[in-house]
Amino acid sequence: MQNKVPLPTDNIYKFFALFGLILLIFSLGATTYITKEANVQLIDIAIQLDNANSNNLSDETKNITKGYRDVIVSDREGFKGLLIGLALFGTILGLFGFYKWIGKIQPQQDELIALQLKKEGHEVIEYAKKDELLELQIEKEKLEIELLKKKQ
């Protein structure tokens, strides 16, 4: 299977930056999803408790439903705390990666590219000079051949 999205493996800071960004986006999306799902379950429990009160169900059934509600609220808060921690870690990792990548690595890469372009420019000039010199040598040899032909 071909990888359509190339992974940034040329330096570790670029990987940190993009991985931190992915962690942040994932944790924000997961927080939204968990909150939504927990709220749906809490609404269902509220309806069940309302029905239990109107149908005069036993206190044991009401206590079980309230306990279930408490578990859902506790789980939601626990997952939100975990995902907030993951979002903070992703943010710190991403900021560190971007800071090092843009502040340390990218200027060096830009300078290297500029030097390579300058070197290639000099090589083109040297090649043109050699080509011009070769043409002059060919012209000289042609003139020498014509001179020899005239002497004969």
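The bend at a residue is the angle between axes fitted to the seven residues ending there and the seven starting there. Helices (H or I, at least four residues) are DSSP runs, numbered from the N terminus. This is a predicted model, in which local features need pLDDT of at least 70, side-chain atom pairs count only at pLDDT 80 or more, and totals for chains, interfaces and linings use all residues. Residues are numbered from 1 along each chain as its sequence is written, and side-chain values use heavy atoms, leaving out hydrogens and water.

**Exercise 1.** Find where in α2 a kink lies.

*Solution.* Go along α2 to isoleucine 105: a kink of about 35° lies there, shortly before proline 107. Next, look at burial (under 20% relative accessible area, 1.4 Å probe, protein chains only). Ile105 is among the buried residues of α2, which also include Trp101 and Gly97.

**Exercise 2.** Describe how phenylalanine 15 pairs with phenylalanine 19.

*Solution.* Start with the rule: rings of Phe, Tyr and Trp (its six-membered ring) pair if their centres lie within 6.5 Å; planes under 30 degrees apart count as stacked, over 60 as edge-to-face and the rest as tilted. The whole structure holds five aromatic pairs. Phenylalanine 15 and phenylalanine 16 make a tilted one, with 6.5 Å between centres and 50° between planes. Phenylalanine 15 and phenylalanine 19 are stacked, at 5.6 Å and 10°. These two residues sit four apart in helix α1 (residues 12-54), so about one helical turn separates them. Last, widen the view: Tyr13, Phe15, Phe16, Phe19 and Phe96 form one aromatic cluster.

Definitions and conventions. Buried means under 20% relative accessible area, exposed over 50%, partly exposed in between (1.4 Å probe, protein chains only).
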